[in-house]
Amino acid sequence: MHLVPLPALADNYIWLLHDDGGDAIVVDPGDAAVVEQALAARRLRLRAILLTHHHHDHIGGAAELRRQHAVPVYAPDDERIGEATVRIRDGDAVELASPRVHFDVIAIPGHTLSHVAYVGAGLLLCGDTLFSLGCGRLFEGSPAQMLASLDRLSTLPGATLVCGGHEYTEANGRFARTVEPGNPELGWRLQEVAALRAQRRPTLPVALAGELATNPFLRVDTDEVAAWCRQRGINNDRVACFAAVREAKDGFR
């Protein structure tokens with residue numbers, strides 16, 4: 001499988017996966033025109049669409065793509081996603097023959113209540129739940145729900161490639177440094193990110209192991225993040241610690 005991040009809208013990524021035979025799927029197509037251009041340029045046949053959550057910048061192109069290509073649209077069981085042809089829930093699987101790929105479905109509420117991730121082919125397609133050096137805002141879920149979702153994702157193999165839905169890494173990194181200013185691996189990651197963005201290259205995908213070493217939202221149990229929380233009067237309460245980090249990020253400029 002070949003993985004291609006397609007920049008779309010202001011800072012979204014639509015994820016295109018295809019095999020050597022020319023069969024492809026797309027994940028979270030917020031813009032149909034971007035997908036059509038990529039398919040034509042690579043001479044690919046679209047075989048399926050996967051959606052992680054209902055926000056328009058992730059599903060806005062799905063209806064048009066389905067009309068043009070008559071493919072199934074896999075989506076969470078959420079009435080706000082009218083384009084769905086196959087409703088999926090936690091524990092389900094998406095099995096495709098062309099391209100030949102298997103994805104496990106994991107429910108990851110927090111950003112939205114019906115948010116899901118697709119895990120397979122060494123990839124974590126996680127929409128707006130996990131970003132490099134950050135996580136999604138809590139528009140519908142609670143801090144406890146989001147932390148539980150991130151805990152689930154943290155148990156995946158370290159080599160799993162995180163495919164988040166936005167190019168937020170630089171801004172996330174500036175905040176992460178305020179939480180863990182002495183984290184050497186974070187410093188190295190920020191240097192890498194700066195070099196990539198200077199060349200207008202994506203900072204995703206990124207290995208989960210690297211995120212576990214640098215992303216403060218995955219590190220609420222570490223001594224460094226716990227110390228940051230203690231400075232704010234939070235002791236031995238990982239949900240409260242996570243909530244404090246998320247609240248601080250919400251107000252960070």
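Helix H1 (residues 32-42) lies across E1, E2, E3 and strand E4 (45-50), running at about 140° to E1. Helices (H or I, at least four residues) and strands (E, at least two) are DSSP runs, numbered from the N terminus. The model is predicted, so local features need pLDDT of at least 70 and side-chain atom pairs count only at pLDDT 80 or more, while totals for chains, interfaces and linings use all residues. Residues are numbered from 1 along each chain as its sequence is written, and side-chain values use heavy atoms, with hydrogens and water left out.

**Sheet E1 to E6**

- Six strands make an open sheet with mixed pairing, in the order E1-E2-E3-E4-E5-E6; two strands pair if DSSP finds at least two bridges between them.
- At the edges stand strand E1 (2-8) and strand E6 (86-88), each with a single partner strand, so one side of each has no neighbour in the sheet.
- From one strand to the next, the twist averages 25°.
- Strand E2 (residues 12-18) pairs with strand E3 (residues 23-27) in the antiparallel sense over four bridges, and Ala24 in E3 is the bridge partner of His18.

**Helices H1 and H3**

- Helix H3 (residues 62-69) lies across E3, E4 and strand E5 (73-76), and runs at about 145° to E4.
- The axes of H1 and H3 come within 8 Å and cross at roughly 40°; axes are lines fitted to C-alpha atoms, for helices over the stretch in contact, and angles run from 0 to 180 degrees between N-to-C directions.
- H1 and H3 are therefore oblique to each other; angles under 35 degrees count as roughly parallel, over 145 as roughly antiparallel, 65 to 115 as roughly perpendicular and the rest as oblique.
- Ala32, Val35, Glu36 and Leu39 in H1 meet Glu64, Leu65, Gln68 and His69 in H3, where contact means heavy atoms within 4.5 Å.
- The contact of H1 with H3 has four nonpolar, two polar and two charged residues; Ala, Val, Leu, Ile, Met, Phe, Trp, Tyr, Cys and Pro count as nonpolar, Asp, Glu, Lys and Arg as charged, and the others, Gly among them, as polar.
- Glu36, in helix H1, is partly exposed, with a relative accessible area of 26%; buried means under 20% relative accessible area, exposed over 50%, and partly exposed in between (1.4 Å probe, protein chains only).
- Not counting residues up to four places away in sequence, Glu36 touches Leu65, Gln68 and His69.
- Glu36 and Cys163 are 127 residues apart in sequence, and their C-alpha atoms are 20 Å apart in space.

**Sheet E7 to E14**

- Another open sheet of six strands has the order E7-E8-E9-E10-E13-E14, again with mixed pairing.
- E7 and strand E14 (206-207) are the edge strands, each pairing on one side only.
- Strand E7 (residues 93-97) has a covered face, Val94 and Leu96, and an uncovered face, Ala93, Glu95 and Ala97.
- In a regular strand the side chains alternate between the two faces of the sheet.
- E7 pairs with strand E8 (residues 100-107) in the antiparallel sense over five bridges, and the two form a hairpin with two residues between them.
- Opposite Ala93 stands Asp104 in E8.
- Strand E13 (residues 161-164) and E14 pair in the antiparallel sense over two bridges, with Val206 in E14 as the bridge partner of Val162.

**Helices H4 and H9**

- Helix H4 (residues 143-154) and helix H9 (residues 238-250) have axes that come within 9 Å and cross at roughly 100°, which makes H4 roughly perpendicular to H9.
- Pro143, Ala144, Met146, Leu147, Leu150 and Asp151 in H4 meet Arg238, Val239, Phe242 and Ala243 in H9.
- The residues of the contact of H4 with H9 divide into eight nonpolar, no polar and two charged.

**Cores and a buried loop residue**

- The largest nonpolar core has 49 residues, and those with the most contacts inside it are Phe103, Tyr118, Leu124 and Leu130; a nonpolar core is a set of buried Ala, Val, Leu, Ile, Met, Phe, Trp, Tyr and Cys residues joined through side-chain atoms within 4.5 Å.
- Leaving aside neighbours within four places in sequence, the contacts of Leu130 include Leu124, Leu150, Val162 and Leu208.
- Ser132 lies in the loop between strand E11 (130-131) and strand E12 (134-135), and Ser132 is buried, with a relative accessible area of 1%.
- Not counting residues up to four places away in sequence, Ser132 touches Thr169, Asn172, Arg189, Leu204, Val206, Glu211 and Asn215.
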